Structures are given as structure tokens and as C-alpha cells.
Amino acid sequence: MVTLALVSCSDDKAEVSEPPALRPVKIVEVNAASPAREMRYSGAVKARSEAAAGFRVAGKIIERNVDIGDRVNPGDVLARIDATDYELQLRSAEASLASAQRQVETTEFALTRAEALYKQQVTTKAQLEQAQLSYNQATATRDSARSTLEQARNQVGYGELKADKPGIVTAINADAGQVVSAGSPVVTVAADGEKEVLIAVPENEIFAFSNGKIVDVTFWSNAGVTLKGTVREVAGSADASSRTFAVRIALPEDARVLLGMTAGVIATTPTADNHFSLPLSALARDPAQQTIVWTVERLDGTVHARPVKVAEFTDLGIKISDGIRPGDLVVAAGTQFMTEDMKVKLPEGVMTHSAEVAEPAITGSTSETP
């Protein structure tokens, strides 16, 4: 009777024992090798023609008529400088021209008289030639004074900084009361017309860009806007400080694109790389020291060792050239706990899709292996 009782108790204990808990794992899905590599850059929308306008003469700014964002048209006065000194030079040039003109009249009268006396043989030919030379010299002095007067008038006119094309003021570089030299930037105007995106490309990717290349351009302020841009200019040398190359991308006309907007540029370049990328943590070794990865069956959640061939190590992980296929589920963490045919816990929904119909472009993961 005792023996039967013991057996009965033992059976009861066996009935209440629980199956071992499945080990959760982090997995990655092998993506299909893409024939093209996608490159993304950020930049800003700029006007194709944007120039910093400055006075052509030096002076003290006494008036600024525009602010950032103002629209200007050809002939609009942007700023003025104190032109008092240039007006005085203008008056001096006018007086010099008047004096030179009187001298021409005087020498012309003397020349006419000398010619008449020479015909009457009252004076010598040397005196006639001297009168002719005096007239010629007076004429040259008058012409020089006239040019000086025109220059003085121009300098007075240069005291007003005017817009030469329609556009929008994008920067103010000097203000009233400031003394500026000739050519110093005062107001920057972005001309109306074609817009472009300026991006900086590192030297290892610059050869993917050439004039005429079509790229996609998106805008941070309006996610629904995507335009086809055309590479217009590729810098011939790298920036000395950033070591990047400036690439300008022309945009089609679109009223939704404004100057200064943040733009994203998406470009593709062909690649011959047919390797599969995996994180370094997915790599393991079997007892024979053969390089393997652990793949997971979608249908039953069991893991299996699969020999692979490593093509290269990268900053982001490893590249596998042989041993796996697109759509395979690979254990990305906790490979030291894996054994053949071990059953693991997959993310919810993974086991409902077979390996044959799995989407290779999706990467899934679960909680980290304890």
C-alpha cells in the first residue's frame, strides 16, 4: 500500500510541472541586396542669383530704406551715404570746366588773329604755330575737365545705393551711422527667378554627382512636397575647413518653395555590392571553429546553425557574401545561448508568415536576450 501511495504522489507532481519558458531573442531580417545605394543630405533653399550690394564710393551711411524680407524693384533706393564731399568735388569740377572753356575761347581768338596776320605776311610762321599749339593745349585741358566733371557727377550719384533687379532683401550688413569703404557689403538681395538647393557632399561620395543628375528634393516644412531637382553645379575643389564639396541643385518653379527653407536631397548611385549586412553580434563559431550565424525558422521558432562566409567588416557590422538568403531571420544577440533545434520566442506576428512570403525589406526585433 505504501508503494502505491508513493507512485501516486509522484504522478501528481509530474502532472503539475510546467514546460521550460521560451527564451526571447533579438532578431534581424536579412534584406535583399539593392542594386542602388541611397544617399541623403540636408541643405537650404537659396536664390540662384544672390549678391551683396555695396556703395561704389566710401562714406558714412545716413539712411537705410529697406529691412530683411522687403521686396525691391530696379531703381529702388536701398541706402544713402553723406555725399557732401562729392558734391563739393562736383562744384570744383564744374568751375574747372568753365575755366577751361574760357581758355579755349581765348586761344581760339588768338589763333584766328595769327592766321589772318600770317596771310598778310605781318607775322611769322613760328608765331602761327605757337598760337595753334596753345589752342590745342586748351582744347585738351577742356576735354580733361569735362571728363573730371562727369566722374564727379557719377560719384555724387553713387551716394545712393539702388537695386538693379527685382528681388527680396535677405541680409543687412551695415546700418545708418556706419562708415563704409567702397565695395563693402551693405544689403544682400536675392534676385527673383530660379531657386536652388545647396548641399555639402563628402569627398567619398562626390563622384556620384554630375551636372544634369536628377535627384529627389523634400522639404521639412511641407512633407507632402517632393520635387525633381537637377544638379546644376559641382564644386571643383573641397572647402578648406569642412573638406566637403558644394553641390547646387536647380529646382522647378513652385510657389510652395520659399527662400531659406530646409530641404532634404535624396540621391541614388549604382552599386555592385551584393553582400548582406548584419550586426557584428550576429556572428558566432561552432565547436569546429567555423564561422556561423543562428537562423530562426518562422513556422516553429527553432534555431539552426548555418555556416557563412564573411566578406568584410565595416563600421556598422559585417557583410556576408554566402550562407544566407533574403528573408532569413538571424539571431542578432545572445548567440552564446543558442543550441541546435532550440525553440525561442519570436516577436508577435513573425511566425504567422512563412519564409517564402516574408517581406525582405522589413527588419524586426524583440527584447534583448537576458
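E196 and R232 form a salt bridge, their closest N and O atoms lying 2.7 Å apart; the term stands for a side-chain nitrogen of Lys or Arg within 4 Å of a carboxyl oxygen of Asp or Glu. This pair links distant parts of the chain, with E196 in strand 12 and R232 in strand 14, 36 residues apart. Strands here are DSSP runs of E with at least two residues, helices are runs of H or I with at least four residues, and both are numbered from the N terminus.

Before going further, a word on the model and its conventions. This is a predicted model, in which local features need pLDDT of at least 70 and side-chain atom pairs count only at pLDDT 80 or more, while totals for chains, interfaces and linings use all residues. Residues are numbered from 1 along each chain as its sequence is written, and side-chain values use heavy atoms, with hydrogens and water left out.

Back to our pair: is E196 buried or exposed? E196 is buried, at a relative accessible area of 0%, and R232 is partly exposed at 23%. Buried means under 20% relative accessible area, exposed over 50%, and partly exposed in between (1.4 Å probe, protein chains only). R232 also forms a salt bridge with E233, a residue that is partly exposed, with a relative accessible area of 37%.

The structure holds 20 salt bridges. Another of interest joins R64 to D175. R64 sits in strand 5 (residues 59-64) and D175 in the loop between strand 9 (167-172) and strand 10 (179-180), so this pair ties together parts that are 111 residues apart in sequence. R64 counts as partly exposed at 24% relative accessibility, and D175 counts as partly exposed at 37%. Salt bridges also link E63, R80, E160 and K162 in a network.

| Salt bridge | Closest N and O atoms |
|---|---|
| E196 and R232 | 2.7 Å |
| R64 and D175 | 3.1 Å |
| R232 and E233 | 3.7 Å |

Now to the nonpolar side. In soluble globular proteins, nonpolar side chains tend to be buried together. The largest nonpolar core in this model has 24 residues, and those with the most contacts inside it are V197, I199, F209, V217, F219 and I249. Such a core is a set of buried Ala, Val, Leu, Ile, Met, Phe, Trp, Tyr and Cys residues joined through side-chain atoms within 4.5 Å. Among the elements that give two or more residues to this core are strand 3 (36-47), strand 12 (195-202) and strand 14 (222-234). A second, separate core of 18 residues includes F55, L78, I81 and V187.

Which residues does I199 touch, not counting those up to four places away in sequence? They are Y41, S42, G43, F209, F245, A246, V247, I249 and V265, where contact means heavy atoms within 4.5 Å.

A235 is in the loop between strand 14 and strand 15, and this residue is partly exposed at 23% relative accessible area. Leaving aside neighbours within four places in sequence, A235 is in contact with F245 and A246.

For the whole protein, the secondary structure comes to 3 helices and 24 strands, and 34% of the 370 residues count as buried.
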